[in-house]
Amino acid sequence: MSKATAQPRLEAAGLVQGVLGGERLLLARAITRVENQEADAAELLAALYPHTGKAHILGVTGAPGTGKSTMVTSLAQSYRQAGMTVGVVAIDPTSPFTGGALLGDRVRMRALAGDPGVFVRSMATRGSLGGLSKTTGDVVTVLDAAGYDRVIVETVGVGQAEVEIASTAHTTLVVEAPGLGDEVQAIKAGILEIADVLVVNKADRPGVDKTIRALEMMLEIENGGARMIRHHGQLLRVETPAAMAADWDDENRWKVIVMKTVATDGTGVFELRERIEAHRRWLQESGEMAIREQLRIANTLENIVRAELNRRILARLPEAGMHGMVEAIRARETDPYTAAGKLLAGM
Ligand SMILES: Nc1nc2c(ncn2[C@@H]2O[C@H](COP(=O)(O)OP(=O)(O)OP(=O)(O)O)[C@@H](O)[C@H]2O)c(=O)[nH]1
Ligand SMILES: [Mg+2]
């Protein structure tokens, strides 16, 4: 063994003990192993899984720059004041423009550094969508097993990603900010449909009341005319006859309300935390928690099977054959469909 490998690779069992024993360094290493999908990641996750199911998982999503990271920081501090521990997973789309998104989050969440009751992990998306939600779920599993009371996942709401993340969270916060034209954006992305709590952040900025009114109007339409149901692990929108909508307007139904915060100075964050905790209690008392857990687990299982199938298929595709096919297709000697059929038939 060379001098460069002075630090021996720890067995998965050693990492598991470290994670369960609250050793931050080993927790960080376990997460890295899971994030990079190293060979013993599955062994690690399998050993940790029996220790999960205690954390309440929060998803925080919204348009770029609405103040999500600042709010997560503020919320984490609020949970700390209430004596709870917090794990944070911040997912940064690797931007060709900023490039330093990871650094940005670290700076923004600096206020949390040095607190042994908080663990922050930033992850770059590197463009893979399905893979992202699997890896995120795995990292959440590790933090849950490590005993964090609340695990907060931040994602930028830019399409399918936030919907995927919503189905891995117990409570989903959608963050808006005044003056970004977000009202329109929100409808487009269907982002309101996944919100359990809507937050208008940057309430110190002009136009905040206009944004709140616009969102409240949209929520009224939402509450009256349609409802999101879960079907085979997917969120579906169903139009509701007015009569039925009236039925659902009982006190057992969760009401999405618009909250107002200034994440930079913590205004409204205590109330936000209370609302999240109210949602958690509602989930438990209404029986909805069991449904969300089913959805989460179904999602996880599907992601794992899909990733493994993908890996197996790619491993068995002959590299040389692929290249030959590409050239043949480029020369229009064959077409992608016929070529794909041939490659698969040869497996
Ligand atoms: N005025 C004001 N500025 C805020 C508030 N919250 C966040 N900001 C600022 O808005 C900028 C963006 O904040 P972030 O927390 O990085 O926003 P984000 O939504 O995490 O951004 P991305 O992860 O890049 O999508 C920062 O300069 C913050 O200081 C607020 O309540 N009021
Ligand atoms: Mg952020």
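## Lys68: buried or exposed?

A residue counts as buried when its relative accessible area is under 20%. In this predicted model, Lys68 has a relative accessibility of 4%, so Lys68 is buried. Lys68 belongs to helix H4, which covers residues 68-81.

## What surrounds Lys68

Leaving aside residues up to four places away in sequence, Lys68 has several contacts. Val60, Thr61, Gly62 and Ala63 are among them.

A polar atom of the Lys68 side chain lies 3.2 Å from the backbone oxygen of Gly62. Another neighbour, Glu154, is 86 residues from Lys68 in sequence. In space, the C-alpha atoms of Lys68 and Glu154 are 7.0 Å apart.

## How H2 meets H3

Two other helices make a pair. Helix H2 spans residues 24-35, and helix H3 spans residues 41-48. Their axes come within 9 Å. The crossing angle is roughly 125°. Angles over 145 degrees count as roughly antiparallel and 65 to 115 as roughly perpendicular, so H2 is oblique to H3. The crossing of H2 past H3 is left-handed.

Which residues in H2 and H3 meet? From H2 come Ala30, Arg33 and Val34. From H3 come Ala41, Leu44 and Leu45. Five residues of this contact are nonpolar and one is charged. No polar residues take part in the contact of H2 with H3.

Terms used. Residues numbered from 1 in each chain as written. Chains lettered and ligands numbered in written order. Predicted model: local features only at pLDDT ≥ 70, side-chain atom pairs only at ≥ 80, totals over all residues. Heavy atoms only, no water. Helix = DSSP H or I, 4+ residues; strand = E, 2+ residues; numbered from the N terminus. Buried < 20%, exposed > 50% of the residue type's maximum accessible area, 1.4 Å probe, protein only. Contact = heavy atoms within 4.5 Å. Polar contact = N/O pair within 3.5 Å; in protein donor to acceptor, adjacent residues only side chain to side chain. Axes fitted to C-alpha atoms, helices over the stretch in contact; angles between N-to-C directions. Parallel < 35°, antiparallel > 145°, perpendicular 65-115°, else oblique. Left-handed = near helix turned anticlockwise from the far one by under 90°. Nonpolar A, V, L, I, M, F, W, Y, C, P; charged D, E, K, R; others polar.
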